[in-house]
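Hi,

Here is the structure I promised to pass on.

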Amino acid sequence: IVGRIEGGCIIWHRSFQSPPTRLQEAGDEHSVEMELEKRTYSGRIDLTGPRPRLIWSDGEIWIRAEAVSRPRPEGSERG
């Protein structure tokens with residue numbers, strides 16, 4: 001696991017020991033960019049397969065893991 005995308009940022013897995021990285025829209029709704037270690041990477045969201053994936057300009061392909069349900073904080077139950 002590389003991390004998760006949340007609130008327009010990549011929240012890196014703790015093994016990377018990196019702060020969150022902001023994602024920016026790039027051109028259309030399926031394109032993003034990020035700056036990491038003074039380099040800009042562009043990515044394209046591909047929805048054609050069984051699971052969404054993000055194909056990066058450096059050749060990396062991130063495949064969306066199955067959704068993980070997180071417990072709700074105490075007092076946040078809806079009724």
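Let me start with the core. The largest nonpolar core has 9 residues: Ile-10, Trp-12, Leu-23, Val-32, Met-34, Tyr-41, Leu-54, Trp-56 and Trp-62. By nonpolar core I mean buried Ala, Val, Leu, Ile, Met, Phe, Trp, Tyr and Cys residues joined through side-chain atoms within 4.5 Å. Buried is under 20% relative accessible area, exposed is over 50%, and partly exposed is in between (1.4 Å probe, protein chains only). At least two residues of this core come from each of β2 (9-12), β5 (28-36) and β7 (53-56). The strands here are DSSP runs (E, at least two residues; helices would be H or I, at least four), numbered from the N terminus.

Before you go further, two notes on how this was done. This is a predicted model, where local features need pLDDT of at least 70 and side-chain atom pairs count only at pLDDT 80 or more, while totals for chains, interfaces and linings use all residues. Residues are numbered from 1 along each chain as its sequence is written, and side-chain values use heavy atoms, with hydrogens and water left out.

Now the strands. Two of them count as paired if DSSP finds at least two bridges between them. Strand β1 (residues 3-6) runs antiparallel to β2, with 4 bridges between the two, and Gly-3 has Trp-12 of β2 as its bridge partner. The hairpin that β1 and β2 make has 2 residues between the strands, and Gly-7 has a positive phi near 60° there. β2 also pairs with strand β3 (residues 21-22), antiparallel again, through 2 bridges.

Last, the charges. How many salt bridges does a search of the whole structure find? There are 3, counting a side-chain nitrogen of Lys or Arg within 4 Å of a carboxyl oxygen of Asp or Glu:

- Glu-6 with Arg-4, at 2.8 Å, N to O. Glu-6 is partly exposed at 38% relative accessible area, and Arg-4 is partly exposed at 35%.
- Asp-28 with Arg-44, at 3.1 Å, N to O. This pair links distant parts of the chain, 16 residues apart, with Asp-28 in strand β5 and Arg-44 in strand β6 (residues 39-46). Asp-28 has 34% relative accessible area and is partly exposed, and Arg-44 is partly exposed at 40%.
- Arg-53 with Asp-46, at 2.9 Å, N to O. Arg-53 is partly exposed at 32%, whereas Asp-46 is buried at 14% relative accessibility.

Cheers
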